[in-house]
Amino acid sequence: MLYDQINSFLFTIIATSTPTLLASLGGLMTGLSGMFNVGLEGMMLVSAFFSVYTANATGSLILGLAAGVGINMLLGLVMVFIAEKLKADIFVVGIAANLLATGLTTFLGMWLLGLKGTLLFEKAPRLKLLDIPLLGDIPLLNGLLNGHHLIDYLGIVLAIVLYLVVFYTTYGRHLRAVGINPWVANARGISVDKVRYSSYLWCGFLCGLAGASLSLPIGAFMGGPIGMTNGRGWLAMAVVIVGQDNPLRILLVSWAFGAISALADIIQATTNFSPRLMMAFPFIGALLITALYSAGKGWGRSAANNG
Amino acid sequence: MRSYLEMTGICKTYEIYGTQIKALDQANIQVKKGTVHGLLGENGAGKSTLMKILAGIEKKDAGTIYFKGQEVELNNASQAAALGIGMVHQHFSLIDEFTVEENVVLGIEPTSFLGVINTKQMRENVAKVAEKCGFELDLEAKVGSLSMGQRQKVEILRVLYSDPELLIFDEPTSVLVDQEIESLLKVISLLKSQGKTIIYISHKVEEILKITDEVTVLRAGKTVETGATNKLSAEKLVHMMVGKYIPLEVPKELQKAGKVLLEVRNLNVRKGMVKAVNNVSFELRAGEIVAVAGINGNGQQEMVEAILGFRKPESGQIFLGDKEITSLTPRERRQMGLCYVPEDRIQVGSCSTANLAENIVVDRYFKAPLARRGWLNLKTMHDQAREMITKYNIKATRTDCLVGTLSGGHIQRTIIAREISADPKILIACEITMGLDVESARYVYDVLLEMRKMQKVVLLLSSNINEVMSLADRVLVIHEGKIVAHLTGKEGFSKEEIGEYMLGLKRQNGIKLEVS
Ligand SMILES: Nc1ncnc2c1ncn2[C@@H]1O[C@H](COP(=O)(O)OP(=O)(O)OP(=O)(O)O)[C@@H](O)[C@H]1O
Ligand SMILES: [Mg+2]
């Protein structure tokens, strides 16, 4: 009984933390290149809309996914272009992307479907839960590991792949070099521009998956200021900070943040705590963790200096 | 028949807030294959800029470059690298967060498959090159934790690693001590004997005379002289560099030391696991210049940082006059007249992305007349900066130009201007003439001697043994965190003797640290 409860709790964590995980991996890649993207929320929203819309229009999940990811990668390129070539501050560009995303998706919903609020896409094929025989055979963990969405698995795999890319490949090393000191990178013949564009392509790709993972399983889209992304893009920024530029750490931190929201859901369902307050719970938790972490890091640094 | 390298009519103009700065104005240089070519000129003459253009890091506005008989366009560093041109930068191009070996291979990492870095191969390759140059370096240490001298070696290693045929050295010896300079010059001769061509920038006359075959002199962005080195004397060379006669010896009057201004008692400083400073005690008296000699990384930096309050000592006491300052903040110490010219002028001494005026007032902007009731008086700030520009001969057209755009020597002058204008009682000067041309170095010596005359004290940390010999009243030699010798002028000290103590070959017994 307890085993089942724990199992289902952990299962929920993996399932619900996917969008945050993917978005923070995207944020990480841009942060490593020295141009941290604060438009993660907006990117996710754009992809959530386009993926489910395309899936509905074409009847194909793959095309839907490709559309969400593709449009996001394009958006990423445009963002770096504005920052690098037109010399806008990347922070402002990120904020603009967030505002644009909210407006654009609402507008497109009105224009294409004549509807506001929740948009239902009935013809869109749903992203199904997978039953992977190999995972299903593992004793004890089978309930936990098996039966997630494709994108949930992708998220974990990508965290591992990115860890290898960042720390073991020339691309990863050049990416970090550009972020730490673009002048030096340039002097070594590393193209700073290319690396930055590529980091935004990664970000577009990852946030694209994140957005699709929200809308494709339910075949619906909720726009507006508090759309279906519901602050996950902002939460992802905190994850990147606590994750210390390390994809595997980011995986753990997003699970930790996921655990906080799962806990909030349980409390909401089992007690009569104010539900509104409970909705703020994950964010308060994130705030606390980030603050504690930053304070700890500051302390660690001064200790290292003195020690 | 064209020379191996010919740069003709090179122009480069920078623009800062609408003001045009002509860094290069029709500069020319011709270098023969297999020679060492000296590139000389006063601070801000355009030496680094010309070489950055050759290394593909800056773009020229006009002019042509012929390399091996072919006209070449150098739009980025990889194009230059592909042609076999490598440059040791004046301000190192290293990433502090990366290890030595990662820095050395950055941009040309050996890979095994799919862009995966072959760490084993990298390690072997780098170790091989390091051994060839005779550099002792911990290849797995983070560059940020190294001393400036060690970083200089990494920077050199980095260029040698890619095995270019034309090597540019931009002031490579500013932070190296004698023995290290010797070994670098040996490496350069070796490279020359292998048929490589070298362009060598330095303000040190002896080095130029020793290793170059020909020299080219730049002044205000133009080529003013060029010729064979063996037809030159030291005086002639200096004359060519600055356009006037500068006496090379420093006049120092005898004078008696006054009361104790700074005392360090049983100072111990730990850096990570190692004991960087080991039970060091000494005192500095008014009217003295005291030098600390030591090979880079023997604890002198940590000692200085502890005195300044940047680093917490493990134990020990520091007194300014008769007041204990061991637990005061750096700013409080500064207000008491303790000033500092750090050896790392880019990361510690100045802020490249702030402007000149801001860099000058950074230690006093919060006090009258620069601030009243929390409001800054910007006009006074820029007026003061303008005054400094004139007084210290800083080549900057505007007080609001970013310090990062100044030439190396002029960044150094900006820092010196700030520290000296703070009217210090005690000045800790680390590599204070680093990168300064002959004339400015001379000026700085005069300033230091003036401080001595005014009954102030200078603690001089310098890798330049001649500087130590001509300025210092006393020399403390530090080796592995311990003061191993205390040499006073009276007993006399020789270069060789200091060298032996520095290398730890010799050590004094019962060191007496007071002056009578
Ligand atoms: N990025 C830049 N922006 C604006 N001005 C610059 C920039 N880089 C160099 N300059 C200016 O160009 C001139 C030449 O600088 P350069 O660094 O080539 O001098 P240098 O001969 O190497 O001097 P030093 O001996 O002091 O190193 C200087 O006046 C400098 O201020
Ligand atoms: Mg220079």
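**View 1. Ser48(B) and Gln90(B) are buried residues of a predicted model.** Ser48(B) has a relative accessible area of 16%, and Gln90(B) one of 11%. Buried means under 20% relative accessible area, with a 1.4 Å probe and protein chains only. This is a predicted model in which local features need pLDDT of at least 70 and side-chain atom pairs pLDDT 80 or more, while totals for chains, interfaces and linings use all residues. Residues are numbered from 1 along each chain, chains are lettered from A and ligands numbered from 1 in the order written, and side-chain values use heavy atoms, without hydrogens and water.

**View 2. Ser48(B) and Gln90(B) hold the magnesium ion, ligand 2, as its protein donors.** Donors are N, O and S atoms within 2.8 Å of the metal (3.2 Å for Na, K and Ca); water is not among the atoms, so sites may look incomplete.

**View 3. Oxygen atoms of ligand 1 face polar atoms of chain B.** A polar side-chain atom of Ser48(B) is 2.7 Å from an oxygen atom of ligand 1. For a side-chain N or O atom of Gln90(B) the distance is 3.0 Å, and for a polar backbone atom of Ala45(B) it is 3.2 Å.

**View 4. Ligand 1 lies between domain 1 (5–242) and domain 2 (260–502) of chain B, because both give residues to its shell.** The domain bounds come from an automatic or database domain assignment. Among the 20 residues around ligand 1 (a heavy atom within 4 Å), Gly44(B), Ser48(B), Thr49(B), Ser407(B) and Gly409(B) come nearest.

Technical notes: A polar contact is a pair of N or O atoms within 3.5 Å; within protein, one must be able to donate a hydrogen and the other to accept it, and residues adjacent in sequence count only if both atoms are side-chain atoms. Buried means under 20% relative accessible area, exposed over 50%, partly exposed in between (1.4 Å probe, protein chains only).
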